[in-house]
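Hello,

Here is the structure you asked for. My notes on cores and aromatic contacts follow below it.

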Amino acid sequence: MRRYLGKRSLRGAMLAFGLVVPGFALAAESAPVTSPRVTATLLSSRDAVAPGERFKVALVQKLAPHWHTYWLNPGDSGEPTQINWNLPAGATAGEIQWPAPKAIRVEPLVNFGFEGTVLLPIEITVPADARHGESFALKAEATWLVCEKICIPEEGSFSLELPIQAASAVDPAAETRIDASVAALPKPASFRGKLRGEAGKLVLDLPGLPAGAADPHFFPVSDMLIEHAADQPFAADGKPALTLTRSSAFKLAKPEISGVLTFTEAGAPRAVTLLADADPALMAADGTAAPEASPAVVRIPMPAEGADLTLWAALAFAFAGGLILNLMPCVLPVLFIKALGFAQLAHRSRSEVREQGLLFLGGVLVTFMVLAGAVIALGSLGSSVGWGFQLQSPPLVIALAVVMVLIGLNLLGAFEIGISVTGLGDGLASRGGRSGAFMTGVLAVVVATPCTAPFMGAAMGYAVTQPPAVALSVFMALALGFALPVVALSFAPGLLRLLPKPGRWMLVLKQAFAFPMFATAIWLIWVAAVQSGPQGVLAALVAVLAAGFAVWLVGVTRGSLARRAFGSVLAALVVLGAGWFTLQNAVPGAATEARAGDIEAWSPERVAALQAQGKPVFVNFTAAWCITCIANERVALSRQEVKDAFAKLGVVYLKADWTNRDGRIARALAEQGRAGVPLYLFYPARKEAQAEILPQLLTVDTLIEAAERAAGRNAKTAALP
């Protein structure tokens with residue numbers, strides 16, 4: 001028995017040691033940020049730092065098979081990894097030291113980036129006046145785009161706390177990994193190249209390339225120099241040179257180009273950073289005819305869109321768009337609740353009814369101003385956001401679905417907590433209904449953001465390009481138009497008194513209004529599924545279950561102060577646990593393919609290439625949370641006659657899916673004067689021809705006639721069998 005206990009104690013000690021040692025081994029590495037595609041950490045070569053010291057850290061990205069991230073020049077599509085640092089005063093962080101990229105073919109494009117595990121080294125400088133005994137806090141916010149057949153924008157927060165000592169403490173394992181990555185970085189070439197034009201191509205002379213070099217490939221830093229997907233034939237005889245295909249968006253900013261040249265020497269891979277002098281003739285050619293990076297867009301005159309808006313026209317468009325927004329299916333469920341509140345107040349004093357309407361107006365105005373302020377503030381910081389931007393966050397989509405479920409349960413009488421939970425439901429008819437009326441206005445605006453009504457697109461596109469005061473005035477006009485029907489009804493007591501006196505019909509109506517709430521919740525969970533895949537559905541269902549359980553707990557623990565405190569604390573723990581689970585699982589996922597049948601993923605380069613081939617191009621800027629977009633899909637885009645017309649005319653259908661955050665799509669919308677989706681563009685079958693912007697509400701005839709104009713043929717005749 002003694003021997004047995006001794007063995008058990010030894011095994012326990014060994015287990016404890018095994019659990020503790022990894023913690024010490026990873027002391028110089030941050031907590032990982034994980035997704036199904038990438039595991040990212042911040043790795044430090046030091047366990048402790050000394051004042052004035054320079055040392056290396058690295059952002060480590062471990063990519064799932066077949067997924068890749070991007071180099072400084074991402075190639076035909078993509079965005080490079082970016083890191084924003086938050087360091088102690090006096091500390092500095094250098095630029096990312098980029099490894100040599102590889103060409104990753106994703107037909108018909110070629111991307112420049114990395115697969116497998118990649119380390120991005122950065123040099124950190126500790127301030128000379130750093131004090132011994134304190135800690136040196138490394139904090140970083142990183143964003144990256146990870147792609148396979150689709151692209152998912154991801155981000156992570158990383159932090160390390162390193163002690164400040166008289167002498168630094170090296171982490172041998174981490175330093176070895178980082179030093180190996182630095183040693184593998186491209187070294188400056190021992191020669192300069194020369195770029196010249198020849199027979200419509202570009203030739204990159206490589207006079208100092210080693211004699212035994214093979215399979216060279218040039219990766220330019222500029223994305224406006226060459227066609228990335230084109231082959232690079234190599235002439236090794238006499239004067240080594242690469243033949244490059246000149247980009248359709250060719251542009252030289254200065255008479256020198258830079259990039260990375262990869263090749264093999266004696267079977268071993270090598271990479272060097274190369275500088276090359278550009279022939280002055282290329283500069284002259286660039287100065288006389290330099291096409292834009294993407295085809296220009298022109299707005300054709302349309303009553304629903306307007307051309308160049310004045311402030312008064314933008315205000316009128318915004319007001320009209322707000323009025324029409326009330327008819328959208330994403331708003332109607334919440335307005336049903338407001339209608340129930342008015343029905344309950346129909347036979348009370350006129351002042352009470354007006355008060356409800358004005359409080360609803362207050363909720364609408366405040367929420368619109370908050371959203372407008374967020375759009376303006378983020379835009380001033382360089383972020384491209386627009387109408388409905390908050391629904392690009394799966395956790396917020398799930399939270400809104402939970403609110404809808406709770407409102408529905410409250411209307412069915414499953415619990416009676418009044419305004420303390422939702423601010424809606426029965427509280428609308430009571431003295432506490434003041435808060436309920438205000439919150440109904442807030443909720444109406446939040447659920448309205450997936451919709452874009454006619455006139456709204458032009459107005460908001462104008463607003464986001466104006467100074468803050470002008471932009472806020474346009475959003476104010478939109479809010480007033482949105483709130484007008486409810487406020488007008490509250491000031492029309494004659495209409496309200498046409499309703500029957502309060503009775504059982506109100507209970508039935510109240511319960512019936514629960515089902516639009518549940519329908520909206522189902523739609524929001526579907527949006528989460530599109531954004532995050534099966535994990536999003538699981539997170540949403542867990543959140544709904546936890547919210548229902550928490551509400552039930554609060555209800556059954558009423559009574560003494562101790563019972564209420566116990567119930568409230570337990571409910572809060574349940575909600576916090578569900579919130580943590582949601583944040584961990586509701587991450588953007590690969591739920592949809594970039595190519596679906598004859599629909600391809602959008603990029604400006606793809607548009608330019610198709611136009612150069614003489615093909616008309618239709619581009620659909622859309623999102624799964626955009627009700628107007630979905631309605632257009634059902635009513636027009638999915639109709640067989642439209643598909644037949646597109647097929648007969650050779651129209652290529654491209655989709656720009658903004659369901660998840662995508663900075664490139666956001667910038668494209670902003671460039672074309674829009675703050676949100678939907679946006680429909682038809683490019684004619686001519687190189688660099690300007691695009692036609694279609695109305696936000698599509699019809700079959702609108703699409704076929706636009707296809708006819710783009711193809712220069714009679715589309716209706718072509719669509720017939």
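Which residues form one aromatic cluster? They are Phe618, Phe646, Tyr653, Tyr680 and Phe682.

Some ground rules. This is a predicted model: local features need pLDDT of at least 70, side-chain atom pairs count only at pLDDT 80 or more, and totals for chains, interfaces and linings use all residues. Residues are numbered from 1 along each chain as its sequence is written, and side-chain values use heavy atoms, with hydrogens and water left out.

**Aromatic pairs**

The whole structure holds 13 aromatic pairs. Rings of Phe, Tyr and Trp (its six-membered ring) pair if their centres lie within 6.5 Å; planes under 30 degrees apart count as stacked, over 60 as edge-to-face and the rest as tilted.

Trp98 and Phe114 are stacked, 6.4 Å centre to centre with 5° between the planes. Trp98 lies in the loop between strands S7 (92-93) and S8 (102-106) and Phe114 in strand S9 (109-114), so the pair ties together parts 16 residues apart in sequence. Helices (H or I, at least four residues) and strands (E, at least two) are DSSP runs, numbered from the N terminus. Trp98 counts as buried at 16% relative accessibility. Phe114 is buried too, at 6%. Buried means under 20% relative accessible area, exposed over 50%, partly exposed in between (1.4 Å probe, protein chains only).

Phe618 and Tyr680 are also stacked: 6.2 Å between centres, 5° between planes. Phe618 is in strand S23 and Tyr680 in strand S25, so this pair links parts 62 residues apart in sequence. Phe618 is buried at 0%. Tyr680 is buried at 1%.

**Nonpolar cores**

A nonpolar core is a set of buried Ala, Val, Leu, Ile, Met, Phe, Trp, Tyr and Cys residues joined through side-chain atoms within 4.5 Å. The largest has 42 residues. Trp602, Phe618, Val619, Phe621 and Phe682 touch the most other members. Helix H20 (700-711) is among the elements that give two or more residues to this core. H20 gives the most, with six.

Leaving aside neighbours within four places in sequence, Trp602 is in contact (heavy atoms within 4.5 Å) with residues including Val619, Phe621, Leu654 and Ile665. A second, separate core has 40 residues, among them Ala40, Ile124, Ala140 and Val260.

**Charges over rings**

A charge sits over a ring if NZ of Lys or CZ of Arg is within 6 Å of the ring centre and within 35 degrees of the ring normal. Arg37 lies over the face of Trp67, 5.9 Å from the ring centre. Arg246 has its charged end over the ring of Phe250, 4.0 Å from the centre.

Best wishes
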